[in-house]
Amino acid sequence: MNYEKVIISTLDSFGVNRSYTGYDYVVHGLLLIIDNRNRLDCITKTLYLDIASHFHTSWNCVEKNMRTIVTSVWNSHNAELLETVFNKSNRNKKPTNKAFLRYMYDYVIRTAEDTQAEERCIPVPCPLSNECCDSLRFYCLRQSRIIE
């Protein structure tokens with residue numbers, strides 16, 4: 001699965017500027033968490049250090065720059081996506097870095113699974129035009145979700 005594509009697409013949908021140093025830290029950090037979810041348990045002692053080592057910087061710098069991304073996402077005008085990822089209506093203050101990464105991790109995993117299910121769906125040719133029909137593909141996807 002291409003988790004990196006989902007992460008980048010999500011951050012871009014929030015309007016996060018790619019020029020922020022924390023952008024790369026968040027992407028790399030989420031990929032590390034996907035590789036080993038236990039990294040979420042002690043982000044200061046493991047995750048920040050792994051990211052800092054990869055980017056040749058300090059863990060303090062990683063933490064601060066990730067906080068900038070969290071603020072940027074939280075102030076995003078994409079209310080629908082904020083609600084989907086963070087259930088923002090039930091929260092009035094921005095999440096901590098750890099909570100942000102946990103929410104993003106859950107969202108990325110769900111989205112990647114949905115994308116994989118769409119790709120697994122066998123295209124069905126339309127009986128009238130004999131070409132692949134998107135309506136039938138979406139029907140197939142819906143049926144596979146019901147079965148699962």
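Guide: Helices (H or I, at least four residues) and strands (E, at least two) are DSSP runs, numbered from the N terminus. This is a predicted model: local features need pLDDT of at least 70, side-chain atom pairs count only at pLDDT 80 or more, and totals for chains, interfaces and linings use all residues. Residues are numbered from 1 along each chain as its sequence is written, and side-chain values use heavy atoms, leaving out hydrogens and water.

Visitor: Which residue follows α3, and what is its phi?
Guide: H56 comes after α3, with a positive phi near 55°.

Visitor: Where is the kink in α3 centred?
Guide: The kink is centred on L49 and is about 25°. The bend at a residue is the angle between axes fitted to the seven residues ending there and the seven starting there.

Visitor: And which residues of α3 are buried?
Guide: I43, L47, Y48, I51 and A52 are; buried means under 20% relative accessible area, exposed over 50%, partly exposed in between (1.4 Å probe, protein chains only).

Visitor: Now the core. How many residues has the largest nonpolar core?
Guide: It has 37 residues. Such a core is a set of buried Ala, Val, Leu, Ile, Met, Phe, Trp, Tyr and Cys residues joined through side-chain atoms within 4.5 Å. L11, F14, V73, F86 and F100 have the most contacts inside this core.

Visitor: What does V73 touch?
Guide: Not counting residues up to four places away in sequence, V73 touches L11, F14, V16, L82, F86 and F100. Contact means heavy atoms within 4.5 Å.

Visitor: Which residues of α1 and α2 meet?
Guide: Y3, E4, I7, I8, L11 and D12 in α1 meet Y23, V26, V27, L30, L31 and I34 in α2.
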